[in-house]
Amino acid sequence: SGTKLTAGEKWAKTNAVGPYQPAEKDWEAIEAAAINEGSVVVYANSSRFEKLLEAWNALYPDIALEGGDTDDIAVKMAAEQEAGNVVGDVWFNSDGHLLYGEFMPNQWMWWYTPPGVVMEDVTPERPFALARRSVDVIGYNSEINPNGCPVSNWWQFTEPELKGKFYIEDPISDSSTTAKITLIEQHADEMAAAYQELYGKDWTTDEDYGDDTPNAGYLYLKKLARNQPGIQRGGDEVDAAFATLGMDSSAEPGYGWTGLSSYESTRAGELAMGPCYDLNPAAGILKATYLGIANEAPHPNAAKLFIKFALTEEGFAPWNEFGAYPSVVGLPVAEGMPPRDELKLWPSDDLYAYQNLSKIRDFWAVNLLAP
């Protein structure tokens, strides 16, 4: 073709990652090269990473697994790329909006998928291996409402009787929350249909409809922001706001956008969070955790072995609990989890989130301050 490869592409080709991955792998050769490298540095956004060490050391005693639970992975890995001093081999992190919006176009990160491993949601356009999908839902107080979730439609959270009673992490300071609310705008057609179902009329007849609401997603965000949602510092605070045990049953406890994993605490008798599974237009969203190999990674073969390991039942085990689905087809799902195809969930679209993040955040901020 005559096109000159970039430095990154040359490195990827030499190390058989990204678009240069062969169909067949010689695992013996990869393992021998990895033992020669002697270690692998993984930046993970989870303290459960420690639970992998024993299984890894049993499999690969000659390759030290280093790194572990790391803060600000995207910031750190971008700085390493820009400085030309790469320490971390493997990205094991969510922040897909940065992975697809910055790292992939800059050739700072390469994808790698072990042969024979079939994953849901991995496509030629979105090629990075997915370690898992975690579910976020709208939760209600199951102690005060023992007969189930009292709302059936997302638009109910914008109504005056729930003013200040929809709890959420801050979309202005937390980009993963901004990415979540971006999905509402992306699914504007479904939001329009849900409006019609609830009110029996078109969303464009709404009193808040205007030039600033090009679709029903924007109208929803405008109305939700103006309904003074209860902005919380983190996920635990969201849960505490509406699902603490023993709340005053004569007051409206409200609702929270939270991880389905919080339901574990309800099962353990520590919380009263019930998931609203039957909401129109969706029960919630599917977030993604990705695996990638840094450009110029010092231990590329050991990085391949780690990704292969992370996608096995043993590698997924620390995260295989209520609230998460494996992305690898055929791995077991945690006990009590509804089958993935039974819940209506919106999968995160990380490139879309990246492209629309600042626009949505500014729109939200303006309407939060509106009288």
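Reader: Which residues in helix 7 meet which residues in helix 8?

Author: Ala 188, Met 191, Ala 192 and Tyr 195 in helix 7 meet Ala 216, Gly 217, Leu 219 and Tyr 220 in helix 8. Contact here means heavy atoms within 4.5 Å. Helices (H or I, at least four residues) and strands (E, at least two) are DSSP runs, numbered from the N terminus. This is a predicted model, in which local features need pLDDT of at least 70 and side-chain atom pairs count only at pLDDT 80 or more, while totals for chains, interfaces and linings use all residues. Residues are numbered from 1 along each chain as its sequence is written, and side-chain values use heavy atoms, with hydrogens and water left out.

Axes are lines fitted to C-alpha atoms, for helices over the stretch in contact, and angles run from 0 to 180 degrees between N-to-C directions. Angles under 35 degrees count as roughly parallel, over 145 as roughly antiparallel, 65 to 115 as roughly perpendicular and the rest as oblique. By class, the contact of helix 7 with helix 8 has seven nonpolar residues, one polar and no charged. Ala, Val, Leu, Ile, Met, Phe, Trp, Tyr, Cys and Pro count as nonpolar, Asp, Glu, Lys and Arg as charged, and the others, Gly among them, as polar.

Helix 5 (96-103) packs with helix 13 (residues 350-368) at an angle of about 80 degrees, the axes being 7 Å apart. Helix 5 is thus roughly perpendicular to helix 13. On the helix 5 side the contact is made by Gly 96, His 97, Leu 98, Tyr 100, Gly 101 and Glu 102, and on the helix 13 side by Asp 350, Leu 351, Ala 353, Tyr 354 and Leu 357. This contact of helix 5 with helix 13 has six nonpolar, three polar and two charged residues.

Leu 357 leads on to Thr 177: their C-alpha atoms are separated by 10.0 Å, although the two are 180 residues apart along the chain. Thr 177 lies in helix 6 (residues 175-186). Its relative accessibility is 1%, so Thr 177 counts as buried (buried means under 20% relative accessible area, exposed over 50%, partly exposed in between, with a 1.4 Å probe and protein chains only). Leaving out residues up to four places away in sequence, Thr 177 touches Ile 168, Glu 169, Asp 170 and Pro 171. The side chains of Thr 177 and Asp 174 are joined by a polar contact of 2.5 Å. A polar contact is a pair of N or O atoms within 3.5 Å; within protein, one must be able to donate a hydrogen and the other to accept it, and residues adjacent in sequence count only if both atoms are side-chain atoms.

Burial can also be followed along a helix. In helix 9 (residues 235-243) the buried residues are Val 238, Asp 239, Ala 241, Phe 242 and Ala 243. Because they cover an arc of only 160 degrees around the axis, they lie on the same side of helix 9. The arc is that of the directions from the helix axis to the C-beta atoms. Among the elements covering these buried residues are strand 6 (166-169) and strand 8 (255-259).

Helix 2 (residues 27-37) has the buried residues Trp 27, Ile 30 and Ala 34. Their arc around the axis is only 60 degrees, which puts them on the same side of helix 2. The face turned away from the buried side carries the exposed residues Glu 28 and Asn 36. The cover over the buried residues of helix 2 includes helix 11 (300-310).

Some backbone details remain. Most residues other than glycine have a negative phi, and most peptide bonds are trans. Asp 72 is not a glycine, yet has a positive phi of about 50 degrees. Asp 72 sits in the loop between strand 2 (64-69) and helix 4 (73-83), and counts as exposed because its relative accessibility is 57%. Asp 121 has a positive phi near 70 degrees and is placed in the loop between strand 4 and strand 5. The peptide bond from Asn 280 to Pro 281 is cis, with omega near 10 degrees.
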